[in-house]
Amino acid sequence: MSRLEELGFVLKHVGINCENEDEACSVAQRFDEIFGFTKKVGNSSVFAGTEVEAMKTPYLGKHGHIAVGTTDVDKAVEYLKGQGVEFNMDSAKVKDGKTTAIYLKDEIGGFAVHLVKK
């Protein structure tokens with residue numbers, strides 16, 4: 001098994017920057033109407049299923065963010081650093097001594113990218 005296969009990278013969701021809660025609700029509602037992605041209102045965002053996250057206020061990334069899931073965030077960071085990828089260490093979320101989420105330093109196509117634990 002290759003290192004990439006071991007890390008199990010998968011697209012988790014796309015986050016869309018919205019100006020306010022009303023816009024975020026509207027975006028999520030439209031994905032619900034078209035694709036049946038059930039709208040769920042949270043504290044800082046409104047999800048449409050698990051695939052689309054509409055942010056209630058603009059967050060990282062010009063357009064929003066892309067969440068990439070992995071089996072082990074710390075091992076993924078170590079591997080990707082070896083590939084020349086840089087990380088925003090201030091963005092790291094840690095629970096019980098293990099990183100659960102962290103953003104890459106640079107945007108890709110106007111999107112911030114973060115790793116999350118699957």
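Exposed means over 50% relative accessible area, buried means under 20%, and partly exposed lies in between (1.4 Å probe, protein chains only). This is a predicted model, where local features need pLDDT of at least 70, side-chain atom pairs count only at pLDDT 80 or more, and totals for chains, interfaces and linings use all residues. Residues are numbered from 1 along each chain as its sequence is written, and side-chain values use heavy atoms, without hydrogens and water.

Q: Why is isoleucine 108 called exposed?
A: Its relative accessibility is 53%. The cut-off is over 50%. Therefore isoleucine 108 counts as exposed.

Q: Where is isoleucine 108 in the chain?
A: It sits in the loop between β7 and β8. Strands are DSSP runs of E, at least two residues, and helices are runs of H or I, at least four; both are numbered from the N terminus.

Q: What makes aspartate 96 exposed?
A: Its relative accessibility is 73%. Exposed starts over 50%, so aspartate 96 counts as exposed. Aspartate 96 lies in the loop between β6 and β7.

Q: What is the phi of aspartate 96?
A: Phi is near 55°, a positive value in a residue other than glycine.
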